[in-house]
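I opened a new notebook page for this structure. My plan is to go from single contacts to the whole fold.

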Amino acid sequence: MKKFVDKNKKLIVSLIFIMYLLVLGYHLFLSDILGRREIAEGYRYNFVLFKEIIRYITNMEAIGFKLVLLNLGGNIIAFIPLGTFMSYFFNGSRHTFIKTILIGLILTTLVEGIQLVTRVGICDVDDILLNFTGVVTGAVLAKLFRKKNKST
């Protein structure tokens with residue numbers, strides 16, 4: 001089994017990455033639980049940086065800690081794997097970290113752009129910031145993991 005995994009590591013990681021993207025895409029655009037299938041007539045969007053983050057934090061008692069954590073933390077946590085996977089695929093190329101965060105920024109902005117055009121979900125510049133924070137966190141964790149493995 002170990003030989004199979006070692007021989008097919010890139011393929012296995014690629015398949016896991018594709019599954020991650022499918023699950024992420026489902027939750028971003030199709031999830032009934034998150035109200036994604038409902039196309040709003042009076043579409044809401046936010047282009048003011050920190051507006052929704054501050055609103056969530058200042059109204060935590062009314063909104064509820066669980067919903068605040070789901071929105072703010074979930075937007076970060078959902079994109080940590082993206083930064084980690086991209087770092088894995090770019091590993092060995094020049095400027096792995098910079099490529100990872102630039103493509104992460106483009107992808108997170110693209111997600112919000114798709115939400116704006118399709119009116120599914122809420123296009124929010126704060127989500128770009130939170131998602132990008134997740135990508136950077138994943139890239140940093142991958143970099144630390146590579147450093148640790150090189151030193152042992």
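**Entry 1: the salt bridge.** I needed a rule before looking: a salt bridge is a side-chain nitrogen of Lys or Arg within 4 Å of a carboxyl oxygen of Asp or Glu. I also noted that I am working with a predicted model. How many salt bridges does this rule give? The count comes to 1. I looked up the partners and found Glu52 and Arg55, with N to O at 2.7 Å. Both residues belong to helix α3, 3 residues apart, so about one helical turn separates them. Glu52 has a relative accessible area of 15%, and because the cut-off for buried is under 20%, Glu52 is buried. Arg55 stands at 33% and counts as partly exposed.

**Entry 2: the overall layout.** I stepped back to the whole chain. I found 8 helices and 2 strands. From the N terminus, I read their order as α-α-β-α-α-α-α-α-β-α. The C-alpha trace spans about 55 × 30 × 30 Å along its principal axes. Of the 152 residues, 31% count as buried. I then looked at contacts between residues at least 6 apart in sequence, and 71% of them join residues at least 24 apart.

**Entry 3: helix α8.** I turned to α8, which covers residues 125-151. At the N-terminal end I found a cap: a side-chain oxygen of Asp124 lies 2.8 Å from the backbone nitrogen of Asp126. Asp126 is itself buried, and the buried residues of α8 also include Ile128, Leu130, Gly134, Gly138 and Arg146. What do the buried residues of α8 pack against? I listed both strands, β1 (45-46) and β2 (123-124), and the helices α3 (51-58), α5 (65-77), α6 (80-90) and α7 (96-118).

**Entry 4: helix α6.** I moved on to one of those partners. The buried residues of α6 are Ile80, Leu82, Gly83, Phe85, Met86 and Ser87. They pack against α2, α5, α7 and α8. Just past the helix, I noted a positive phi of about 95° at Gly92.

**Entry 5: aromatic rings.** I found 6 aromatic pairs in the structure. I looked closely at Phe17 and Phe85: the ring centres are 5.0 Å apart and the planes meet at 50°, so I logged the pair as tilted. Where in the chain do the two partners sit? Phe17 is in helix α2 (residues 9-29) and Phe85 is in helix α6, and the pair links distant parts of the chain, 68 residues apart. Phe17 is buried at 15% relative accessibility. Phe85 is buried too, also with 15%. Both rings belong to one aromatic cluster, together with Tyr20, Tyr88 and Phe89.

**Entry 6: charges over rings.** Last, I looked for charged ends over aromatic faces. The charged end of Lys99 sits over the ring of Phe90, 5.9 Å from the ring centre. Lys143 lies over the face of Phe97, at 5.1 Å from the centre of that ring.

Technical notes
Residues are numbered from 1 along each chain as its sequence is written. This is a predicted model: local features need pLDDT of at least 70, side-chain atom pairs count only at pLDDT 80 or more; totals for chains, interfaces and linings use all residues. Side-chain values use heavy atoms; hydrogens and water are left out. Helices (H or I, at least four residues) and strands (E, at least two) are DSSP runs, numbered from the N terminus. The expected span of a helix is 1.5 Å times one less than its number of residues. Buried means under 20% relative accessible area, exposed over 50%, partly exposed in between (1.4 Å probe, protein chains only). Contact means heavy atoms within 4.5 Å. A polar contact is a pair of N or O atoms within 3.5 Å; within protein, one must be able to donate a hydrogen and the other to accept it, and residues adjacent in sequence count only if both atoms are side-chain atoms. Rings of Phe, Tyr and Trp (its six-membered ring) pair if their centres lie within 6.5 Å; planes under 30 degrees apart count as stacked, over 60 as edge-to-face and the rest as tilted. A charge sits over a ring if NZ of Lys or CZ of Arg is within 6 Å of the ring centre and within 35 degrees of the ring normal.
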